[in-house]
Amino acid sequence: MKITDTSDLWWKSAIIYCLDVETYLDSDGDGVGDMQGLAQRIDYLAQLGVTCLWLMPFYPTPDRDDGYDITDFYGVDPRLGNHGELVEMIRTAHDRGMRVIVDLVVNHTSDRHPWFQKAKRSVNSPYREYYIWRDEAPPKGQKNPVFPGEADGVWSKDEASGQWYQHSFYEHQPDLNIANPAVRDELARVIGFWLQLGVSGFRVDAVPFLLEMPPGAEIPDPHELLRDFRRFLQRRSSEAILLGEVNLPYDQQVAYFGGGDVSELSMQFDFVGMQSFYLSLARQEPAPLIAALTSRPVLPDDVQWANFLRNHDELTLDKLTDAEREEVFEAFAPDERQRVFGRGITRRLPPMLGDPRRIRMAYSLLFTLPGTPVLFYGEEIGMGENIDIPGRSAVRTPMQWTAEKNGGFSQAPPSRLIAQPPGDGYAPQHVNAADQIEDRESLLHFFRDLISRYRISPELGWGTFEVLEQPVDHLLVHSLRADVGRMVAIHNFADVPATTSFSLKDEPDGTRLVDLLDAERIPLDERGGVELEVPAYGYRWLRVSRPGDGRVS
């Protein structure tokens, strides 16, 4: 790998920042965030070090599922702005060195989408075949595996025709029939439209559901749809990516990257690693995370894992055993109101971990895991959730900019806000960006420091992962090695300090370890070994500096 490759495959060393426009900043005082508000905060994001914005759905919607129920794939919700304001925001982001990717939610539409409305009017409508229907009633007792307890089954009756339509998610989100060539052509036009407006790719929602084919479909391999998407994408834009939500075990997940000369997704979220990370936190030892990372499939150079600690959904624990899930629940969600669907947690990370040292260790580890870090808005200032908001929406509260009314998000009366900020110790008067900008010891500055070190360390995004042998069970010591350099990271999962030792036997005489977070230079002994102190919940980033490598540390 050459250093110039890092610009060709920009997303392998990106800092991706996910935000919901409607909860970021309200510029016109109506209680809802908007494109102009986001544009006003592009400089804040640039100073943080973000290189790619991921925008959650901003399309027209009845908003019964946080915007994931869409009535127009080509539109901008008028509450949030218009196409002109979106394009200006994208241009401003590009001017600050940031790319923009958007949600591609094409497994389903809203039941108010014109396609579905026309489909319901007549069984002979060409739009009828845009959706999936059956004549016979589904078996009794059907359940919905995505939203257990909130949605009844995956089939609902259209009273006018007597037929049943499929919905993998809520009843108001009928599934599109991807086997229909007309639907596939329409989705290609959607991709082409947003690329033309300046986006650099898509986060593809619910990919395994998207590839589910109806009975009798004449597509022998559903993955051909992803290949078509990728081929179309590359014809229209050489830099654009597909970042897929594929919550499957690794051995199934790897197929969604493609193989050989056939490309599918550029990146996938690592749900297995994320869940193992929380089990490691609960046990205060890294063994579960090590087991996950060392079982990851080996990937080609042109695809990547996306690492995250929290996102806009519940913190799903569905890949853990029942006993493991209960461990994590007991550690981080002891209140039943903090749990959802029997499998997830509706909390942000700071309230779960509590100890500021532990919070910083967790994010330090995120940035040193093999892959690309993805942040959820507000993580950089340590926002909490609003437990009074039920379900997933507890973590989707307005960004907290100041200690003023509504956290500086909006000048609207509090009753008109899109969502209420928390009122506990994580309320805006206690947690906000303005105060932390002025405090050099704040979490915000910590994030800025980590990101600045990450951006001068391409081995973090490109390197080969190796766990280094050392004597302390509650420490993770790992190496990331690439042609451009090598990094060693140390993280202490326990609340007690430790002394560790390890060896880099394959490094030449005169090699030193340069601490990127503390400016210390540590020589290796004659056998390539080193002994180090690590505080409780401590962390260290150590660049391997070989004699004569000429690299600026």
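Ala, Val, Leu, Ile, Met, Phe, Trp, Tyr, Cys and Pro count here as nonpolar, Asp, Glu, Lys and Arg as charged, and the others, Gly among them, as polar. With these classes, the lining of the largest cavity divides into eight nonpolar, two polar and two charged residues. The structure is a predicted model.

A search of the whole structure finds four cavities of 30 Å³ or more, and the largest of them has a volume of about 70 Å³. Its lining is made up of Asp270, Gly273, Met274, Phe277, Leu289, Leu293, Arg296, Asn307, Phe308, Leu309, Leu366 and Leu369. Two helices, H10 (271–283) and H11 (287–295), each supply at least two residues of this lining. H10 gives the most, with three residues.

A second place to look is a pair of helices. In general, two packed helices are described by the angle between their axes and the distance between the axes. For helix H6 (residues 181–196) and helix H8 (residues 223–236), the axes come within 10 Å and cross at roughly 35°. The crossing in which H6 passes H8 is right-handed. On the H6 side the contact is made by Arg184, Leu187, Ala188, Ile191, Gly192 and Leu195, and on the H8 side by Leu225, Phe229, Phe232, Leu233 and Arg236. Sorted by class, this contact has eight nonpolar residues, one polar residue and two charged residues.

Two single residues come next. Gly461 lies in helix H17 (residues 459–462). Is Gly461 buried or exposed? Gly461 has a relative accessible area of 5%, so it counts as buried, the cut-off being under 20%. Leaving out residues up to four places away in sequence, Gly461 touches Lys12, Gln304, Gly371 and Tyr454. Thr372 is 89 residues from Gly461 along the chain, yet the C-alpha atoms of the two are separated by 5.9 Å.

His474 lies in a loop, between strand S17 (464–467) and strand S18 (475–482). His474 counts as buried because its relative accessibility is 19%, and buried means under 20%. Which residues does His474 contact, leaving aside its neighbours within four places in sequence? Gln284, Glu285 and Pro286 are among them, and so are His491, Asn492, Phe493, Ala494, Val496, Pro497 and Ala498.

Technical notes: Residues are numbered from 1 along each chain as its sequence is written. This is a predicted model: local features need pLDDT of at least 70, side-chain atom pairs count only at pLDDT 80 or more; totals for chains, interfaces and linings use all residues. Side-chain values use heavy atoms; hydrogens and water are left out. Axes are lines fitted to C-alpha atoms, for helices over the stretch in contact, and angles run from 0 to 180 degrees between N-to-C directions. Helices (H or I, at least four residues) and strands (E, at least two) are DSSP runs, numbered from the N terminus. A crossing is left-handed if the near helix is turned anticlockwise from the far one by less than a right angle, and right-handed if clockwise. Contact means heavy atoms within 4.5 Å. Buried means under 20% relative accessible area, exposed over 50%, partly exposed in between (1.4 Å probe, protein chains only). On a 1 Å grid over the protein atoms alone, a cavity is a set of points where a 1.4 Å probe fits but cannot get out, and a pocket is an open set with protein on both sides within 12 Å along at least five of seven lines; lining residues have an atom within 4 Å of a point. Grid points are joined across faces, edges and corners, and a volume is the space filled by probe spheres set on the points.
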